[in-house]
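Colleague: I have the model open and want to go through it by question and answer. Please keep it brisk.

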Amino acid sequence: MNSEHRKVNSYLTIAKRGIRILLYCSLFAVSCSLSAHAQSRDYLTDEEIELIRDGQQIDLRIDILTKAIDRRFAVLKIDVGGAKISSKESDKWGKAPEGTRIELLADIKNILQKAIDDIDNLSSRPDSMVIDPDAKDKKPKGFSDLFPKAVRKLAAAAERYKAPLNAALETTKDEREKGILMDSIEMCTDIIASVSKLK
């Protein structure tokens with residue numbers, strides 16, 4: 001009887017362990033699924049990605065990225081003094097970006113980071129710069145012309161963004177939103193400071 005009782009207890013213990021493992025695996029799978037869903041959202045629309053592909057020159061690319069940021073601020077109803085997209089251009093840009101407040105703020109942060117990365121990559125490899133062969137100028141503009149122009153354009157946009165981002169930071173109570181806003185403000189500060197390093 002004792003050995004039978006031990007066997008039953010042993011089976012119960014194994015069964016409980018199996019259920020526990022199955023439960024942990026299920027929770028892990030759900031967690032991974034939620035994480036993958038959160039990561040699958042692109043911070044640029046399909047039309048914006050296409051415009052960036054076409055805008056290979058760094059100054060044009062920065063224009064596109066800052067307009068993409070301005071569009072998200074417009075959806076959030078935060079005035080950053082950005083240029084409005086004309087009705088003639090609206091087809092190229094597609095419909096306004098969509099998302100929750102936190103998603104749109106995260107988009108702004110990610111697009112700012114992309115602009116910084118594009119500038120940094122070109123700074124470390126100036127010979128990789130794309131020069132427009134169809135430029136109307138007799139002599140196409142090179143790195144020394146376009147790189148400082150792009151940095152100044154990005155810094156001018158960062159100046160416009162900094163005060164509204166600080167205002168949003170002061171009013172939000174959401175910790176995740178605070179983190180995103182603080183990162184974006186820090187990036188704007190770094191971008192503005194980078195102008196002084198131009199030759």
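Colleague: Does Phe-147 count as buried or exposed?

Modeller: This is a predicted model, where local features need pLDDT of at least 70, side-chain atom pairs count only at pLDDT 80 or more, and totals for chains, interfaces and linings use all residues. Residues are numbered from 1 along each chain as its sequence is written, and side-chain values use heavy atoms, with hydrogens and water left out. Buried means under 20% relative accessible area, exposed over 50%, and partly exposed in between (1.4 Å probe, protein chains only). Phe-147 has 11% relative accessibility, so the answer is buried.

Colleague: How are the rings of Phe-143 and Phe-147 arranged?

Modeller: Rings of Phe, Tyr and Trp (its six-membered ring) pair if their centres lie within 6.5 Å; planes under 30 degrees apart count as stacked, over 60 as edge-to-face and the rest as tilted. The structure holds two aromatic pairs. In the pair of Phe-143 and Phe-147, the centres are 4.8 Å apart and the planes at 20 degrees, so the pair is stacked.

Colleague: Which helix holds Phe-143 and Phe-147?

Modeller: Helices (H or I, at least four residues) and strands (E, at least two) are DSSP runs, numbered from the N terminus. Phe-143 is partly exposed at 27%. Phe-143 and Phe-147 sit four residues apart, about one turn, and both lie in helix H6.

Colleague: How many helices and strands does the protein have?

Modeller: From the N terminus on, the elements run α-α-α-α-α-α-α. The count is seven helices and zero strands.

Colleague: What share of the 199 residues counts as buried?

Modeller: Contact means heavy atoms within 4.5 Å. Among contacts with a separation of 6 or more, 73% join residues 24 or more positions apart. Of the 199 residues, the buried share is 33%.

Colleague: Why are the buried residues of H7 on the same side of the helix?

Modeller: H7 covers residues 175–194, and its buried residues include Ile-180, Leu-181, Ser-184 and Ile-191.

Colleague: What span does H7 reach from its first C-alpha to its last?

Modeller: The expected span is 1.5 Å times one less than the number of residues. H7 has 20 residues, and 28 Å is expected. The model is close to that, at 29 Å.

Colleague: Which residue caps the N-terminal end of H7?

Modeller: A polar contact is a pair of N or O atoms within 3.5 Å; within protein, one must be able to donate a hydrogen and the other to accept it, and residues adjacent in sequence count only if both atoms are side-chain atoms. Here a side-chain oxygen lies 2.9 Å from the backbone nitrogen of Arg-176. That oxygen belongs to Asp-174.

Colleague: Which residue meets Asp-118 in a salt bridge?

Modeller: A salt bridge is a side-chain nitrogen of Lys or Arg within 4 Å of a carboxyl oxygen of Asp or Glu. Asp-118 is buried at 13%. The N to O distance to its partner is 3.3 Å, and the partner is Arg-61.

Colleague: Is Glu-175 buried or exposed?

Modeller: Glu-175 forms a salt bridge with Lys-178, the closest N and O atoms being 3.5 Å apart. Lys-178 counts as partly exposed at 25%. Glu-175 has a relative accessible area of 58%, so Glu-175 is exposed.

Colleague: Which backbone nitrogen does the side chain of Glu-48 reach?

Modeller: Glu-48 lies in helix H2 (residues 46–54). At 0% relative accessibility, Glu-48 counts as buried. Its contacts include Ile-64, Ala-68 and Trp-93. At 2.9 Å, its side chain reaches the backbone nitrogen of Thr-45.

Colleague: What is the relative accessible area of Lys-114?

Modeller: Lys-114 is found in helix H5. Lys-114 is in contact with residues including Tyr-43, Leu-44 and Ile-52. Lys-114 is buried, and its relative accessible area is 18%.

Technical notes
Lists of a residue's contacts leave out its neighbours within four places in sequence.
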